[in-house]
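Subject: Structure for you to look at

Hello,

Here is the structure I promised to pass on to you, followed by some notes on what was found in it. Please read the notes with the model open beside you.

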Amino acid sequence: MAKVLIIEDSSFQRKILSEILTESGFEVILTENGREGIERTEQLKPDLIITDLLMPDVNGFQVLEALRAKKLNVPAIIVTSDIQKTTALRCRDLGAHAVLNKPVNKDQVLSAVRDAIRVQ
Amino acid sequence: MENPGGPVISTECLALLDMLPSGIVIIRNDFSILFWNRCLEEWTGIKKGEILEKNLLLEFPTLNQPTVATRLPQVFAVETPVYLSSKFHPHLIPALLPDGISRVQRGAVLPVRLGGDEVHAMLVIEDVTDLSHQITGFQNMRDIARRELAERKKAEEALQIANAKLSLFSVITLQDIRNQLTAARGYNYLLSHSLNDITEIQSTAGKIDRQLSLIEKYISLMLDFEQLGKEPPQWYSLRQVIKQAMVQVQFFQVTSGPEIEDLRIYCPPLLEHIFANFLENAKWHGKTTTQVRISFGTRGDTGILTVGDDGVGVPAQDKERIFREGLGTKTKLTLYHTREVFAITGISIRETGVTGKGARFEIVIPRDGYRFMRVLPGEKPQEPE
Amino acid sequence: MCMIVDDEFRDAITEIINIGVGKAAGLLNEITGSHIQLRVPELRLVPIGEIADVYKTVLGTDILSTVMQEFQGNFSGVTALVFPQDSALSLVNLLSGDQSPATDMDSVQVETLKEVGNIIINAVMGSISNVLSEHFSFSLPVYYEGQLSSIAANHLTSEEDAWVVIARTQFLIESMQIEGTILLVLEVGSMEQLMKSLRKTNG
């Protein structure tokens, strides 16, 4: 069973993503902020990370930078309310596998997750 | 529960919309045109029969920009109204007034139903040309008033600086007048008490005449300097100043680049004397000078006016010394005065030529001290109109 | 009236408003050609009777520029976008490329602000509509200027039991920081409807 770690400060959004993934047979680990997300990634070595961008303290860009700096070879999908092309470009430059805009739908999420894990 | 969506428009309503003095077009969610009112027919010259069923965004590319086209789907999907200001969308459906001016428009897109559940979008366009022009007019007037106020303030400040410098110039010249008067008195005494020989008498009379001549030139210079304290800085046509300087010095071998033609610089009075001084220096001190070249360029925002000749140039050890007070003849403006006068309006000068290859004066003018124009409103014309 | 407004509800509303602001930033990006840097909005839920105190701390007593749209559906009210007037002027000048400084808004600037307000309000209400599968009808945007106490008293609602959701958002456009506040004024009974709708969506 593939392990997906979610980094998301909104409980509302965590619930949505968690439901989509557990219903499809993924093991889900939930974290509430960037700092905790990076720590749990180092400990648990998930198959994939799904992270929000706009978070207080450590944001999604900083999560991507940390993954790169620590050479944690885990693919990351960004889920964000920021729809600007410049934001998506920046995420990809930092190594994000995919950028999804909120509100996400089930098919979108599952397609991106399966693609990321398959590539990995 | 009743669907709270947009109003249902009956056939009677459509007849009313057809008569309204605003442009009204109703489209389906694929942007095909369902309704085109008489006002739009009049504005565009396009009859209903020609435009119905056509795609609004394809027919009018002004509507096919992101800030309109990406918002229109919201009207159908969520039924939110879309407001389109005249600032971002001045010509929603391009149309001309009878005098040929483009109509300035603002609009709103509203969700409506024409019977049934299908949501359509109604684009209502108002002509705000007069209002827009009035506001632009007021803004321009306000900007002109602000600019004039700023210029007046700048001129007042420059006049204060000029008056401070004026007292400094006056002191120097008054002392020199005193010296000449003392010398003239001395010669006069000789004339009346000691001299017998007619040749000696004539010679001494000549010396007195020369002292008096010098005094006359000092007074003339003082009167010129007085202008500094009385007249505020102005915009001078450089072409005109150069012409006047050439006539004053009777030196006509002066060439200038095409950029000089419309160049104006903001400067205290005495600019003609300053340029006359450049030409005189080139003529007398340049020794082998055959021509003077004047050009203008920019370094970033700063203007660089260059006055150069093909004479012997200024020796390296004299490049700063030539700007010091007391150097050269006291009957005319010197480079010391030039530097001080320029400084009143923030202009600086230095000599950057290669010794042996000619003198080159680099005059550095701040961005708000130069412009390219023929005549400015309110400016004293420096050339006959 | 007694109603428990819990963290889950606050979190859900914040997230929905976030989504709306993100969409609005996308459109403002198209208009300015510049990237819009967003911050996490701060949310407060306040009964309208207590809003006087909040004015002073959150919005101050200066002149405010407000764009608002009424909405009606399963829950109804007014959505308003509030800026300190000098922020509104800076925003309008920045978006329209005007440079001359002004001290108050002329009618063209008011129009421009109305359009910006419409973009943001539509995006936020669109987000609420999408996420909660709710349907509304809306009025066109209107502009008001003045201190918030008078705007609220005259234009937001006259109902004593209304609730206000206040979301303070900040965004940076070309290094200029613009602070706007989104007010969602919910009429009597609408807050409960909104919570019911959220619970239904959240499962």
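In chain C, 72% of the contacts with a separation of 6 or more are between residues 24 or more positions apart, where a contact means heavy atoms within 4.5 Å. This is a predicted model, in which local features need pLDDT of at least 70 and side-chain atom pairs count only at pLDDT 80 or more, while totals for chains, interfaces and linings use all residues. Residues are numbered from 1 along each chain as its sequence is written, chains are lettered from A and ligands numbered from 1 in the order in which they are written, and side-chain values use heavy atoms, with hydrogens and water left out.

Chain C has six helices and eight strands, which are DSSP runs numbered from the N terminus (helices H or I, at least four residues; strands E, at least two). Along the sequence they follow the pattern α-β-β-α-β-β-α-α-β-β-α-β-β-α. Of the 203 residues in chain C, 61% are buried, that is, under 20% relative accessible area, with exposed meaning over 50% and partly exposed in between (1.4 Å probe, protein chains only).

The largest nonpolar core has 57 residues, and C:Ile17, C:Leu113, C:Ile128, C:Val165 and C:Met191 touch the most other members; such a core is a set of buried Ala, Val, Leu, Ile, Met, Phe, Trp, Tyr and Cys residues joined through side-chain atoms within 4.5 Å. Leaving out residues up to four places away in sequence, C:Val165 touches residues including C:Ile13, C:Ile17, C:Leu43 and C:Met191. A second, separate core of 49 residues includes B:Leu228 and B:Phe251.

As for the chains together, chain A and chain B do not touch, their nearest C-alpha atoms being 13 Å apart, and of the two pairs of chains that touch, chains B and C have the most contacts. Between chain C and chain A, 23 residues of chain C are in contact with 20 residues of chain A. The rule finds one salt bridge across this interface, formed by A:Lys102 and C:Glu15, whose closest N and O atoms are 2.4 Å apart; a salt bridge is a side-chain nitrogen of Lys or Arg within 4 Å of a carboxyl oxygen of Asp or Glu. On the side of chain C that touches chain A, H1(C) gives the most, with 13 residues.

Best wishes
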